Amino acid sequence: MAFQNLYIHFPFCRQKCLHCSFFSYPLNSQEELSNFFKVLELEIELYSQLFSGQSIETLYLGGGTPSLIPPYHLARLLEKVNNIFPFQPSCEITIEANPEDLSYDYLRAISSAGVNRLSVGWPSSFAGHLRALGRNEHLTFLADKLDIIRRAKITNINIDLIYGLPGQTMLQWEKNLLEVCRAAPKHISVYGLHLEEDVPLKKLLLQKKVAATPDEDTLLGMMLLAREILSSNKYLHYEIANYALPGYQSNHNMSYWQNKTYLALGPGAHGYLYCCRYANYCSWQQYKDSLLKRIFPCSQKERISRKRAMEEEMMLGLRLLEGISRQQFLQKYGLDPLHLFQTSILMLKEQGLLEVNDDKIKLTAKGLPLANLVFQEFIT
Ligand code: SF4
């Protein structure tokens, strides 16, 4: 089986947010959108020569802002994918969405097209924070928006929250968390604001043109507060940045943390097939030119050796709070990770960052906020 998970990257947004380093840019016309889908179909057809009939268990449409896709294009895309990579009966079909785009009629249309999970970006309920990110600051109450989504028969909803925003206080963060809990989505992702060097918000912060971001101690407090509030509201903390009601973990993202292979399509998309991680061109022109010549639009490929795959398995698997199963690792690679990474595991255990029981190797509560340091020990 080559893969069972498919990611499609939609690169357009209404406008570029000031903190964003994803491959995305403003959508200027409907013609641009139609051209995008024509070229994306060429990529799907190219891969159909290799994998036609391969059924999939998850499809994730990320971006960018896929909720800008008109229902007609979305229905056509899902039909095209389903014809070539048939959806398994319980296929999880997620699209990322901007709350501004979610009218009842739009939601009904995309639900009829097959979308059964929505991942909604809701960085904060405070206008000042949204302004600092360059986002529309006129949002309605989250609970009202979620009511509309549920009435449109999409009940599997994720909310993406961000902490560490310019000027954000602990009290504001607490209010955001409580508001999200009241709205009761099935899944909540909690990310710390991460700024690449070249994003405009980084410059604005250096020039003190926006309020400073919280210091390291406050960030740690925010992360812990999220764990405390979400856990006490019955959300299971199952991955470093992800919480879900029982049974509602993201199947698509689980495939990444379980180090499975997946097909990724669209400009700027990253995939993992046949022991090879690849990246598509982060340029519309190069992506399009390549596909018009019927050439795979990959700009980078990296062969993943067996050793590297085992290291990545540790790094990704330790993101899950249930940890790594030694038994499953043994079945996959024929080696016990406890022996393979003996020195690193013993050292991290002594430092109180990892715990090991009969089958599982996992982060401790002390290791959670230091996860990146732990991961470094497994990558050579
Ligand atoms: S909406 Fe999302 S993808 Fe688009 S610019 Fe803003 S943060 Fe980036």
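1. Start with a turn. Leu273 stands opposite Cys276 of strand S13. The two strands concerned, S12 (residues 270-273) and S13 (residues 276-280), run antiparallel and are joined by 4 bridges. Strands count as paired here if DSSP finds at least two bridges between them. Strands themselves are DSSP runs of E with at least two residues, helices are runs of H or I with at least four, and both are numbered from the N terminus. S12 and S13 make a hairpin with 2 residues between them, and Tyr274 in that turn has a positive phi of about 45 degrees.

2. Ground rules. This is a predicted model: local features need pLDDT of at least 70, side-chain atom pairs count only at pLDDT 80 or more, and totals for chains, interfaces and linings use all residues. Residue numbers run from 1 along each chain as its sequence is written.

3. Overall build. The chain has 15 helices and 17 strands. Its C-alpha trace spans about 60 × 50 × 40 Å along the principal axes. The radius of gyration is 21 Å, which agrees with the value near 21 Å for a compact globule of 380 residues. That radius is taken over C-alpha atoms, and the globule rule is 2.2 Å times the number of residues to the power 0.38. Of the 380 residues, 33% count as buried. Buried means 20 or more other C-beta atoms within 10 Å of the residue's own; exposed means 12 or fewer; partly exposed lies in between; C-beta atoms are placed from the backbone. Among contacts between residues at least 6 apart in sequence, 69% join residues at least 24 apart. A contact needs C-beta atoms, placed from the backbone, within 7 Å.

4. Domains. Domain 1 covers 5-257 and domain 2 covers 311-376. These bounds come from an automatic or database domain assignment. Taken over C-alpha atoms, the domain centres are 29 Å apart. Ala, Val, Leu, Ile, Met, Phe, Trp, Tyr, Cys and Pro count as nonpolar, Asp, Glu, Lys and Arg as charged, and the others, Gly among them, as polar.

5. Around S9. S9 pairs with strand S10 (residues 242-244) in the antiparallel sense over 3 bridges. A hairpin connects S9 to S10 through 2 residues. Glu239 stands opposite Asn242 in S10. Lys234 sits in the loop between H8 and S9. Lys234 is not a glycine, yet has a positive phi of about 75 degrees. With 12 other C-beta atoms within 10 Å, Lys234 is exposed.

6. Ligand shell. Which residues surround the ligand? They are Cys13, Lys16, Cys17, Cys20, Phe22, Ser24, Gly63, Gly64, Thr65, Asn98 and Gly121. By class, the shell has 4 nonpolar, 6 polar and 1 charged residues. Check the backbone here. A cis peptide bond joins Gly63 and Gly64, with omega about 20 degrees. Gly64 lies in the loop between strand S4 (56-63) and helix H2 (71-84). Most peptide bonds are trans.

7. Two other loop residues. Val115 is in the loop between helix H3 (104-113) and strand S6 (117-121). Val115 is buried, with 25 other C-beta atoms within 10 Å. Neighbours within four places in sequence aside, Val115 contacts Ile93, Ile95, Ile110 and Ile154. Ala184 is in the loop between helix H6 (170-183) and strand S8 (187-192). Its phi is near 55 degrees, a positive value in a residue other than glycine. Ala184 counts as partly exposed, with 16 C-beta neighbours inside 10 Å.

8. The S15-S17-S16 sheet. This open sheet has 3 strands in that order, with antiparallel pairing. Strand S15 (324-325) and strand S16 (354-356) stand at the edges with a single partner strand each, so one side of each has no neighbour in the sheet. S15 and strand S17 (residues 360-363) are joined by 2 bridges. Ser325 has Lys360 in S17 as its bridge partner.

Methods
A residue is near a molecule or strand if its C-beta atom, placed from the backbone, lies within 6 Å of it. Two residues are in contact if their C-beta atoms, placed from the backbone, lie within 7 Å.
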